[in-house]
Every structure is written in C-alpha cells, then in structure tokens.
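Hi,

Here is the structure I promised to pass on. Have a look at it first, and my notes on how the chains meet follow below.

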Amino acid sequence: MPTDNERRYQERLDRYTTAMDAGKPDKVPIRINFNEVAAVYAGYSLQEIYYDFDKNLAAGTRIVEDFDLDVAPFPPSLWWAGQHDAVGARYLRFAGRDLDIDTQFQFVEGEYMLPEDYDAFIADPTRWLLDVYLPRIHADMAEPGSYRAGLALIRGTWGLQELLTKQAQAGAAWAALGMPTGATGIGKAPFDTLGDTLRGMRGILLDLHRRPDKIIAATEMLVPHNIYYAVASAGGDTEAPDFMPLHRGALPFLNPVQWDTYYWPSLKAVIEGLWAQGKRTIFYAEADWTPYLERIAELPDHSIVFHVDQTDMARAKEVLGGRFCLSGGVPNYLLAYGSEGEVRDYVKQLLDTYAADGGFIIDTCSVLQMDAKIPNLFALVETARTYGVY
Amino acid sequence: MTNQTTTADPGADAPPPGVCVPFTKKLDELGGVKGDESLVRGAWEELDAAAYMYLWFWVHR
Amino acid sequence: MTELTDELSSAVAQLEDDKVLDLVRQRLETGVPPIKVVKTLQEGMTEVGDRFGAGEYFLNELVVAGEIMKDAMAIIEPHLRGEAAETKGVIVIGTVRGDIHDLGKNIVVMMLQGAGYQVVDLGVDVPAERFLEAIEEHQPQVVGMSALLTASQAPMKKTIEAIRAQRATTKIMIGGSYINETIKDQVGADYFGTLAGDAVKIADSVLVDV
C-alpha cells in the first residue's frame, strides 16, 4: 500500500506530465518558484539564505509543506554566497556582503570575455575557461599556479559538491513529502551563454555588428556543450524538464533577421538535441516573445513548455496551443499591489480563458520579487486548486 | 553521460563536452594498465567530467 | 522618418561608424565649429531614436549608435575648449538604491543626450542623498530614476519623498519595463516610461509646461 505522500507524489507527477504533454489532467498543475520570498515566509533574512545553505533549503521545505503546489520550487537561492566568496567570485552581489541584508542577489554585467578571446574560446572552450575566464572572474584565481589560486579551486569545487549534495537531499526530502521536482538541470540558448556571463549584454550586442561571424562560430560550438550541461546538471534525469532562462531573444534586443540568424538556429539545435534524449525544456521566455511564436512552433511537439511572461498569451495559445503546454500568466505586479480578491478574480479568468482544454500550468509571469504579498500567493494557489478542476 | 556524441567540430584538439582531458591521453601518460582498463577509465572519466562541470558551472547561469 | 540631408547625421542614423569618425575629423580640420558637429551628430541620434520608436531599430542598434556617439565625442571633446553646447535642459538620472542594472538607464541617457539634453548620470545603486546633492548642484528640470526590479519600488518611494521634502517642485520621471500607472502613483512620481524613447518625450513635454 502506498503511503499518502507516495500517492500524492504520483498524482502530482501525473498531473504535471500530462499537462506538459499538452493533455488534460485532473486539475490544472501549479508551479510557482517562490525564490527569495520563501525566506520572508520562513522568517529568514536574505543574508541567511544566501550564506547558510541549510536555512535556504529549510525555507524551501516550508513552502513545500504549506502551499499545495504540484511541483517543488527551486530553493530560494540557487547560489551559495559562501562558495562565491571562497573563490573571490566577482559577478554576483549578495545580501549582507555588498548589498543590504534584505536585497535580492544581483548579477554584475560585465565583459568577462573580451573580443580577442573569441578564437581561443571557440578552439577549446573548457581550457579557455580555466586558463583565462576563471582567473578573470575569481579574484583568488588571479595568479594561476599560486597558493591562493590552488586553494580557490579546492574550496570552489568542494563548495559545488556540497551544494549539489544538499540540493539532492532536499529534493528527496520534498519528494518524500509528496512533491516532485519541477525542473532538473540548467539549459541555455548558446547566444545567451555568450551574452549573459561571457561577453555581457553590451558586448554581445556590439558583436552583432562588429564580429558577427564569431557569434555564429561560438554559438555553433556551444550547442553540444549546452546539451551536455543541461543533462549532466540534471544528474541524467529526464523525467523533469530542464530550466532554460531565455534572455536576449526577447523583443526588442535583436531585429528579426538577427534573431533568425544568430539566436534561433543554435537554440533550436539545443532543444532538439535535448528532446532526442527525452529531455524536455521549460522555455522560460522572459519578457516579450510574441513576434517569434511561429518560429518556436517549428520545435517538435511537446519538446518545450512555453512560459509566458509578457508574451501575448492569446497569440501563444493560438500558435502553440495543442502541441505545446503553456505556463505562467499571473503578473508579478498583481501579486505585489493587488488585493486577494483581485488575485482570485484574475486567476479564475486566466483559467477560463487559457486552461480549459488542458496543456496549461499556472505560474507567475516572472521570477518572484521581494514585494510579492504572502496572502496573495495563498490566494493564487487556493483559487487555482479549487477552481482549476477539469 | 559520457557517451554523448558531438554534432560540431569546434577545434581539432578540443575535447568533447564533458571531457577536459580524454582518457586516451591519460592512458598514454600511464603507459598502459596491467589490470582491467575499463575500471581505470570509468573512474578517470567520472572525475574528469566533474572538473568539466565545475568550470562550466561558472558560465551557465 | 525625417529626411536627413547632412551626410554626417545620415551616417550616424545608418550606424556607419568609420564614416562618422572620418567625417567628424574632416569637419574639425576644415574649421567647422565643434559645437556644430555635435549638433549634427545629435540629429543623427534623434533619427536613431525615431527608428527605434517606429520598430525599425532594436536595442542592439541603439547600443551601437551609443558607441559611435561616444567615439565621436572623444574626438570632438579636446576641441570644445570649455564651449558649452546649447542644451534644452538639465536632467539628473540614476538607478535607485539596491538596483545595479544599468542598460535601461544608459540607453535613456544616450537618447536624452542625443535629443540635446545635458544629462548628469549618477550611475547605479544611487542612495537618496546622492540624488539630493546632485539636484542642489545642477538644478535640473527633471529627475529620472530607473529600475529593472519591481523590488526597487520601496527605495524609489523613499528617494522621491526625500527629494520632495527638499525641493517640492522637482519633476520626477521613473522608467523600467515593468512600470505602470499604479507603480507611478505608489512611489509618487510625476511621469513614467517603459520604452527607451519615452524619457525624451516626457522631458520635452515638461519643458513646454515649465
């Protein structure tokens, strides 16, 4: 006889998977990443959840226990600030270190890869990362071969191992509480890999004009690496989709020709490569992707869950509905500024309009910010649960 | 996850995803092994892939 | 779109960086007043802004135009010798405390400069006191605040309250892709914008009102 939690786990997993297959489950699945709001809910400062990974996961457990979601959210913080300090990492700012103790972490945009690095990066990227990139982004690695640099590598790898072990334990604990994992592994569009942490936004946008051939060569080179990383960072799991935060493909960064030439081909290859291994992708389309829906529809059926932030949901439903699951729909400003009643009304209308024939997962439009009101989050989950019954 | 084939040929000497130093290179250094090579290979590839993951961890955010 | 008759403004609008820099050098050598060269460049930038507004240009084109402007200004500045270019007005701008994102702000700065405003850019993560000092020193017609994060609302509100306490008549515009009427009212700003070109429109209308 399965226990109640085992039964709940299976129900939720079936519900989630059926929706991702564009089908109609028993109820509309609920997937909400609380992020740092979980810390507020659990009574921790942000500094605590960035620096004490156990508290970070404990905050996640409180969400799993108290909110009737279908899949467990990511831990409030994906990063462990201590591990960043251990190597002198420069590009994230954390609460309690260089930000006020209740400010969400921030990424410091920079040109961490220079234009002249392209050739070495393309020729042997992994080697370039160790020889050039880490010494540049980790202060403690500035002098390769030094005592300080050697220690940074030891501390950094040990820290990653500890992070992964604890995350896996938390995932197992949440599963034991009856909640499956919503996403495993990190996928990236090759153009975003270049634009986010390597060339930076300004760098990659200038490269479109000044060295477009390098972008093509680098993104093609990255395709197999990004496929590998998405599966490997999921520990080989293909039951849950990978999480793919998409950035520079949103309107209005690239013009349509640039999008077709530099953004889409390598992204499509990554998604198709993952799907060929049975790994689905959460196409987390931050901001507005409306003009590109027809191209996205070229992907194999069910290979992505298309997440709607500011994309026109009606248009997304029209172009992708039936073949792909949609997720999202609840705007962050409503959770921050709306009343519980307004949230309830909004959720009902959203479900009436977009969830009626299945293939829909309710979620917030974008990553939750600290200003989301807890009662509004309860209103969202309760309404979705009671109203979202097929 | 060591059996993935690559679709691109990024550079003549570049090892495929998941590999920093291919086992063949390590085997040359060792000058062959007396016992079961697959045991040596399995352990090497597991730890070498971990090194790969550590390096890319700082890129894939 | 405006028909640009000057080769230099047109080269800016077409993002032809080498041609722009060559023309700038040529004109300075042939004795064209540096201020006039700046004005011609600005006309090109206005056209870039218009094309962005019309959906013909995208952010990458704006970033390139900004780089071209920066490179051109680096050539012109030594020739300016203290001659101040004519400005439509002064604008103090910054990203509020707790927010270190600067792309949106940088683009707005570029558009405002292109449109002929003198912009005092305070950078990112700017505390209220720095806004106050800059307002005291530069007496701007408009103060702009940029925020990418919805969580920047609280510091924005605090900063605006501090500014109002010191100089009640200051016109304040806020910008960011998620900002709307509700947020504008919540934080007590006068105007809001979500697109790169909005700041120029707001500044132009404020100066007409003044």
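A term to start with: a salt bridge is a side-chain nitrogen of Lys or Arg within 4 Å of a carboxyl oxygen of Asp or Glu. A:Arg210 makes one with C:Asp17, with 3.3 Å between the closest N and O atoms.

This is a predicted model, where local features need pLDDT of at least 70 and side-chain atom pairs count only at pLDDT 80 or more, while totals for chains, interfaces and linings use all residues. Residues are numbered from 1 along each chain as its sequence is written, chains are lettered from A and ligands numbered from 1 in the order in which they are written, and side-chain values use heavy atoms, leaving out hydrogens and water.

Chains C and A have two salt bridges between them. In this pair, 27 residues of chain C are in contact (heavy atoms within 4.5 Å) with 26 residues of chain A. About 2300 Å² is buried between chain C and chain A, 59% of it from carbon and sulfur atoms; buried area is the accessible area (1.4 Å probe) that two parts lose on being put together, summed over both.

Between chains A and B, there are zero salt bridges. Here 47 residues of chain A are in contact with 25 residues of chain B, and the two chains bury about 3100 Å², with 72% on carbon and sulfur atoms. Of the two pairs of chains that touch, A and B have the most contacts.

Chains B and C do not touch, and their nearest C-alpha atoms are 17 Å apart.

Best wishes
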